[in-house]
Amino acid sequence: MTSRRIAYLVNQYPKTSHSFVRREIHALERLGWSVQRYSIRKVREPLVEQVDREERERTLVLLDLPLATLVLAVLSAALLRPHRFAAAGWLALGMLARTSGRRLRPLGWWLVACVLLREVRRAGIERLHAHFGTNSAAVAMLCEALGGPPYSFTAHGTESFDAPPAISLPLKIHRARFVATVSEYGRSQLMRWCPRNEWPKLHVVRCGLAADYAGAPVDRPPTEKRLACVARLSPEKGLFVLVEALARLAAEGQEFELALVGDGPLRADLEAFAEQRGVAQHIRFVGWGDSALVQREIRSARALVTPSLAEGLPVVIMEAFALHRPVIASEVGGIGELVETGETGWLVAPGSAEALLPALRACLAASPDELAALAARGAERVRQLHNVDEAARQLSALFKTTSERAA
C-alpha cells in the first residue's frame, strides 16, 4: 500500500445510532489515515448531534448523485471492463438465488457498485471498509469484483446473524481481506459460516467510546427510583417485555420512573400498551436526543435497562458503565462479555417479564453504594476493552498487513 487513503461504506451514514462508526473514522484520521465517507442511501432521520451534521457534509451519498452520473457509471463499467462487469453480475445473480428470488436487491447492489467504483477510482482509494454485513458489505464485494479496491467489513450482530445464507455472508467472508466483529460472540457466529482455514481472517475489534464518555466525572447513583432505557423502538429490543415487567412492578405498589430514550416504528404501539397495562404515568417517552441528553438521562437513573431479544453488543451498555451506572440486560449476543450478575449488574433470561422482574426489584432496592460498586467494576471492564484509539490501531494494522499479503 503506497498511501493511507481508505474509504468507509455504510448503507446510511451518518446516523444517530451509528455514532461508533464516526468515532472509529475520527480515530483512524488521528493516526494519519485519509478516510473518504460513502453512504448508499440518504439518512432520513433528523441528526441531533452537530458532529453528525458535519459528517453529513463530508459524506457522498451514492444514490443522491444525478441520474446521468449513475447511468454513465454503469455504462463505463460495462464497456471498459466487460469481463469484470459480467463476473460481478454473476455474483449478484448468485446472491439473488440465495434469497429465493423474492428480493431483487442484489441486482441493485451490482449497479450501485458500479457507481462506487467510479467514485473510488476518482478519489484514488486503495482500500474499502464496510460497516455491517448486509447491503454495504455486498456493494463493497461487488465493487472489488468490478475491479475496485480490496475490501473488508465489520459485522455487528443481528443484521448479519439472523439469516447468514440469505445475505450471502459466507461468500462475503470468503472474498474479504478480513472481517472484524465487535465481540467474541460475534466472532463465534462468523466461525459457523466459513471453513476453518478462513478463521484467521476473523478479528475482534471492539467499539470504542467517545472521549466525553471515557472521561466522564464519577457521581453516585441517585436515591430516586429512576431507570433509563436507550434504544431504537423496534421489535428486537424487547420493549414490550420491559413494559409488562414494569406493569407487574407497579401492581406490587412499587414507585418508579423509566426514561425511554429513542424512537422507531413501535413507538405508538408501546405507548398504547403502556396505557393498557396502567403504567403510562411511570414511563416517559423521550424520543431521540443528542449525546448530552443521553448522558443526562443515564446519569439521573439508578441503572440502564436493556431487555433485548437479539443483539450484537450494544454501545449504550459501554456508555452506561463509563458513566458509572450498572446495567440490567438480557443474556443475548455478546452482552455477557460486559454484564455479569453480582459483578457489573444483572443478566437475565431474554423475552421473559418474570425473569426481568427480580432484577428490577433488586436494582430499586439497592443502596447507592451497592449500585456504585457494580458500576465501578463495569467502568473498569469498559476502560480495558473499549478504547477507540486502540480499536483504530488494530484496524490500521489490519489494513496494512492484509494489503501487503495480497500484493
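This briefing covers the cores, a surface patch, backbone exceptions and aromatic pairs of the structure. The model is predicted: local features need pLDDT of at least 70, side-chain atom pairs count only at pLDDT 80 or more, and totals for chains, interfaces and linings use all residues. Residues are numbered from 1 along each chain as its sequence is written, and side-chain values use heavy atoms, with hydrogens and water left out. Helices (H or I, at least four residues) and strands (E, at least two) are DSSP runs, numbered from the N terminus. Buried means under 20% relative accessible area, exposed over 50%, and partly exposed in between, with a 1.4 Å probe and protein chains only.

**Nonpolar cores**

A nonpolar core is a set of buried Ala, Val, Leu, Ile, Met, Phe, Trp, Tyr and Cys residues joined through side-chain atoms within 4.5 Å.

- The largest nonpolar core has 49 residues, of which Leu9, Tyr38, Leu116, Leu142 and Phe153 touch the most other members.
- Helix 5 (residues 105–123) gives the most to this core, with 10 residues.
- Another core, of 48 residues, lies apart from it and has Val261, Ile298, Val315 and Val339 among its members.
- The contacts of Leu9 (heavy atoms within 4.5 Å) include Tyr38, Ile40, Leu62, Leu116 and Leu128, not counting residues up to four places away in sequence.
- In soluble globular proteins, nonpolar side chains tend to be buried together.

**Val316**

- Val316 is part of helix 14 (residues 315–322), and its relative accessibility of 11% is why Val316 counts as buried.
- Leaving out residues up to four places away in sequence, Val316 touches Val230, Ile298, Leu304 and Thr306.
- Cys363 is 47 residues from Val316 along the chain, and their C-alpha atoms are separated by 18 Å.

**Surface patch**

Patches are made of residues with over 30% relative accessible area and no salt bridge; like charges are joined within 9 Å, and nonpolar side chains (Val, Leu, Ile, Met, Phe, Trp, Tyr) within 5 Å. A salt bridge is a side-chain nitrogen of Lys or Arg within 4 Å of a carboxyl oxygen of Asp or Glu.

- Leu67, Val71, Leu75, Leu79 and Leu80 form a nonpolar patch on the surface, with about 560 Å² of accessible area together (Shrake-Rupley method, 1.4 Å probe; for residues, only the protein chains shown count as cover).
- Leu79 is found in helix 3 (residues 67–80) and counts as exposed because its relative accessibility is 67%.

**Backbone exceptions**

- Most residues other than glycine have a negative phi, and most peptide bonds are trans.
- Tyr13 and Pro14 are joined by a cis peptide bond, with omega about -5 degrees; Pro14 sits in the loop between strand 1 (5–12) and helix 1 (19–30).
- His324, although not a glycine, has a positive phi of about 60 degrees; His324 is in the loop between helix 14 and strand 12 (327–330) and is buried at 17% relative accessibility.
- Phe132, also not a glycine, has a positive phi of about 85 degrees; Phe132 is in the loop between strand 4 (127–131) and helix 6 (135–145) and is buried, with a relative accessible area of 14%.

**Aromatic pairs**

Rings of Phe, Tyr and Trp (its six-membered ring) pair if their centres lie within 6.5 Å; planes under 30 degrees apart count as stacked, over 60 as edge-to-face and the rest as tilted.

- The structure holds five aromatic pairs.
- Phe20 and Phe132 form an edge-to-face pair, 6.2 Å centre to centre with 65 degrees between the planes.
- This pair links distant parts of the chain, 112 residues apart, with Phe20 in helix 1.
- Phe85 and Trp110 form a tilted pair, 4.8 Å centre to centre with 35 degrees between the planes.
- Phe85 lies in helix 4 (residues 82–98) and Trp110 in helix 5, so this pair ties together parts that are 25 residues apart in sequence.
- Trp33, Phe178 and Phe399 form one aromatic cluster.
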